Amino acid sequence: MKNIWWLSVLVLLVSATAHSQKKKPAVKPKTEAKTISAKFENCTAELQKNQLFFFQQNAAGKRDTILIKTFDAKLKPENLKISAFTAAKVKLHVLTWDEITKTETPIKKETNTTNQTAIVDFSSKKIVFTNFNTVINSSEIIYLDAAKTASETRDKIQRAGQECLVNPDGTLTLKTKAKQSQLKYDAAAFKFIAK
């Protein structure tokens, strides 16, 4: 009888210690929101609180700041890139990014990719040119009869806006499927005009 009593006490002790030594779940550290950014020479582009800013470190050690665009909370820029070129003896900076939205229903899928371009003149602290080029890729199921027993998938590509190219001589070329135009920089007016 004593053996059974000691055995039951031993089992209770072992189960109580095993239960009390369970590991607590690890607390995950809070991660900060990722900032989307790009760098080139002394220029930086950053997305802060749904606003895209373009910064340049000037000769005095201060940062010149230009607000490029305010975004919807659902939309974030992707593929930020910065480059520079000279037009009319003025150094200009080009900021490009993509805005991608996807829409999906049971019968239609659509991807809307908009490539945005902003050209900045930091000497005047102005945006001197903006452009967009949108490509819409859609795939839709079309039913061939009223009973919806036979169907086919149709893919379409639609384009809107103009493709913007920076030429080596500092001019811009805007292209569409039907036409092409050239722009040159007017430093006095701080804008691009037709060539």
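A nonpolar core, as the term is used here, is a set of buried Ala, Val, Leu, Ile, Met, Phe, Trp, Tyr and Cys residues joined through side-chain atoms within 4.5 Å. Keep that in mind as you click around, and remember that this is a predicted model.

**Stop 1: the largest core**

Select Leu52, Phe54, Ile68, Ile82, Leu95 and Trp97. These are the residues with the most contacts inside the largest nonpolar core, which has 17 residues. Now color the strands that give two or more residues to this core: E2 (43–48), E3 (51–57), E4 (63–70), E5 (77–87), E6 (90–104) and E7 (108–121). Strand E2 gives the most, with three residues.

Next, pick out Ile68. Leaving aside residues up to four places away in sequence, Ile68 touches Leu52, Phe54, Leu95, Trp97, Ala118, Val120 and Ile127.

There's also a second, separate core, this one of 14 residues. To find it, select Phe85, Ala87, Leu92 and Leu174, which are among its members.

**Stop 2: a four-stranded sheet**

Move along to the open sheet whose strands come in the order E10-E11-E12-E13, with antiparallel pairing. Which strands stand at the edges? They are E10 and E13 (191–194), and each has a single partner strand, so one side of each is left without a neighbour in the sheet. From one strand to the next, the twist averages 30°.

Zoom in on E10 and E11, an antiparallel pair joined by four bridges. For one end of a bridge, select Val166; its bridge partner in E11 is Leu172.

**Stop 3: Asn167**

Now select Asn167, in the loop between strand E10 (163–166) and strand E11 (172–175). Is Asn167 buried or exposed? Its relative accessibility is 19%, and the cut-off for buried is under 20%, so Asn167 counts as buried.

Show the side chains here: that of Asn167 makes a polar contact with the side chain of Thr173, at 2.7 Å. Beyond the residues up to four places away in sequence, Asn167 touches Leu172, Thr173 and Gln182.

**Stop 4: Leu183**

Finish in strand E12 (residues 180–186), where you'll find Leu183. Leu183 is buried, with a relative accessible area of 12%.

What does Leu183 touch, not counting residues up to four places away in sequence? Select Phe129, Thr171, Leu172, Leu174, Phe192, Ile193, Ala194 and Lys195 to see its contacts.

Methods:
Residues numbered from 1 in each chain as written. Predicted model: local features only at pLDDT ≥ 70, side-chain atom pairs only at ≥ 80, totals over all residues. Heavy atoms only, no water. Buried < 20%, exposed > 50% of the residue type's maximum accessible area, 1.4 Å probe, protein only. Polar contact = N/O pair within 3.5 Å; in protein donor to acceptor, adjacent residues only side chain to side chain. Contact = heavy atoms within 4.5 Å. Pairing = 2+ DSSP bridges. Axes fitted to C-alpha atoms, helices over the stretch in contact; angles between N-to-C directions.
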